[in-house]
Amino acid sequence: MSSNASKPVSVIIVGAGQRSLVYASYAERYPDQLQIEGVVEPDPERRQLAAERFGISAHNTFASVEELLDRAQLADAVINGTMDELHVSTTLPLLEHGYHVLLEKPIGVTEEETLELEAAALKYNRIVMICHVLRYAPFYKKVKQLVSDGEIGEILTMHTSEHVSYHHMAVSFVRGKWSSEAQCGSSMLMAKCCHDLDLVSWLMGEARPHKVSSFGSRMQFRPEKAPVGAGSRCLTDCSIEESCMYSARKHYLNMERWGFYVWNNYHLGMRMSEEDKLESLRTDNPYGRCVWHCDNDVVDHQSVIIEFDNLATASHNMVGTASRSCRILHIIGTHGEIQGVLEDGYFYLRQPDPVKGREYKEHKIAVDVADDSHGGGDLLLVEDFVRALRGEQPSISSTTLEQSVDGHRIGFAAERSRRLNQLVTLEFK
């Protein structure tokens, strides 16, 4: 922990991608609380751009974690935003070297390495906070407070659903970096919905997941499902591009969506001309490929059912290709229920009210919703990380790494269930 609470907490960025820089931007808003001391990034251009943005000296820029570890400890902590399959292998030596870690989700790509990281954090007495940013969104934070206060009694059942928009599905999980488990190491459920499974586990409180079952498949984005006239790339050999809802031209040029994925180092200020963008999509840019002719192998829809050790149940649906992106929540307890949609900015608290003329009373509870895709949770997470490193009381959203692991174990069990077509039972020590 920081030895001087009056000084800003110092961190090193490991992996200068879009998510890392969202968290690191807290230092630009609150320099008295967080200071960026260095950057680890193998891409030399990205490394230089990140250094310029945060005023990092050339002496504190590194091409690899190994280079960083050749030096004495430079900061209190690191923000680790590497790709999924690198999370554990990069974090373990950082913990040993003395760094606390703010780690992008998922913790790891297997249950075994996730538990290995948990053991290492305990061994070295380090804080490892997982970027489960939805816990910090005012919507879920308020729901958690009401549940903890007993407003709906004991939870009987819970349903969550994540509706992934058709354009997000295409850019990230069909054309993009998370389209193939072989490439990124994570299943679709763990890459996209470990937020949601964490919320289920977190809202359940002390109850622990016991049994898991799951079904899902890659049903839509397959070559045999391609419409007549579809080509290999939107802007080269496709005769239906103008009418296609997945047109790369429509999403990445006309509507200017997802630039930080599609255009190299866009999140660090690099810009391309319109003609260069067109040429890129026509030739070697993976985001110019037809969605029915990619190398994707992850599911495009999945359902998960969980029974907890107190006999409460929960279910989660991941729905790819939705028209509207949203997260849905419905919790039913012994004394009431909570129901709402994150993006609406409000939810309903209902409780039985057996009086003449009605059966329940209902309160509409409004919460702030920030336009950051995580309901305002991104920077609130970093604020809590700073508080934890200063030895201050963390918020209701913060839990131990052990509790973060439970949601991951649900996800890994769900994948085993889906692949093996069987019920999976979780065992705890």
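Helices (H or I, at least four residues) and strands (E, at least two) are DSSP runs, numbered from the N terminus. The model shown in these views is predicted.

**View 1. The second largest pocket and its lining.** H6, S6 and H15 each contribute at least two residues to the lining of this pocket. The largest contribution comes from H6, which gives 5 residues. The second largest pocket holds about 510 Å³ of space. It is lined by 18 residues, of which Arg126, Val128, Thr400, Leu401 and Glu402 are the closest to its centre. Sorted by class, the lining of the second largest pocket comprises 11 nonpolar, 4 polar and 3 charged residues.

**View 2. The open parallel sheet.** Six strands form an open sheet in the order S3-S2-S1-S4-S5-S6, and their pairing is parallel. Strand S3 (61–62) and strand S6 (128–130) are the edge strands; each has a single partner strand, so one side of each has no neighbour in the sheet. Strand S5 (residues 100–103) is joined to S6 by 3 bridges in the parallel sense. Within S6, Ile130 lies opposite Leu103. Helix H14 (residues 377–389) packs on this sheet and touches strand S1 (9–14), strand S2 (34–40), strand S4 (77–80), S5 and S6. The direction of H14 makes about 165° with that of S5.

**View 3. Packing of H6 on H15.** Two packed helices are described by the angle between their axes and the distance between the axes. For helix H6 (residues 111–124) and helix H15 (residues 401–420), the angle is about 170° and the axes are 10 Å apart. Angles over 145 degrees count as roughly antiparallel, so H6 is roughly antiparallel to H15. On the H6 side the contact is made by Glu111, Thr114, Leu115, Leu117, Glu118 and Ala121. On the H15 side it is made by Leu401, Glu402, Val405, Arg409, Phe412 and Arg416. The residues of the contact of H6 with H15 comprise 6 nonpolar, 1 polar and 5 charged.

**View 4. Packing of H5 on H6.** Helix H5 (residues 87–97) and H6 have axes that come within 10 Å and cross at roughly 10°. The two helices, H5 and H6, are therefore roughly parallel to each other. From H5, the residues Val88, Thr91, Leu92, Leu95 and Glu96 meet Glu113, Glu116, Leu117, Ala120, Ala121 and Tyr124 of H6. By class, 7 nonpolar, 1 polar and 3 charged residues make up the contact of H5 with H6.

**View 5. Antiparallel pairing around S11.** Strand S7 (residues 155–165) and strand S11 (residues 326–333) run antiparallel and are joined by 8 bridges. Thr160 is placed opposite Leu329 in S11. S11 also runs antiparallel to strand S12 (residues 336–341), with 6 bridges between them. Glu337 in S12 is the bridge partner of Ile332. S11 and S12 are connected by a hairpin of 2 residues.

**View 6. Two loops with backbone features of note.** Most residues other than glycine have a negative phi, and most peptide bonds are trans. The peptide bond from Lys105 to Pro106 is cis, and its omega is near -10°. Pro106 sits in the loop between S5 and H6. Trp258, a residue other than glycine, has a positive phi, near 60°. Trp258 lies in the loop between helix H11 (248–254) and helix H12 (259–262).

Notes
Residues are numbered from 1 along each chain as its sequence is written. This is a predicted model: local features need pLDDT of at least 70, side-chain atom pairs count only at pLDDT 80 or more; totals for chains, interfaces and linings use all residues. Side-chain values use heavy atoms; hydrogens and water are left out. Two strands pair if DSSP finds at least two bridges between them. Contact means heavy atoms within 4.5 Å. Axes are lines fitted to C-alpha atoms, for helices over the stretch in contact, and angles run from 0 to 180 degrees between N-to-C directions. Angles under 35 degrees count as roughly parallel, over 145 as roughly antiparallel, 65 to 115 as roughly perpendicular and the rest as oblique. Ala, Val, Leu, Ile, Met, Phe, Trp, Tyr, Cys and Pro count as nonpolar, Asp, Glu, Lys and Arg as charged, and the others, Gly among them, as polar. On a 1 Å grid over the protein atoms alone, a cavity is a set of points where a 1.4 Å probe fits but cannot get out, and a pocket is an open set with protein on both sides within 12 Å along at least five of seven lines; lining residues have an atom within 4 Å of a point. Grid points are joined across faces, edges and corners, and a volume is the space filled by probe spheres set on the points.
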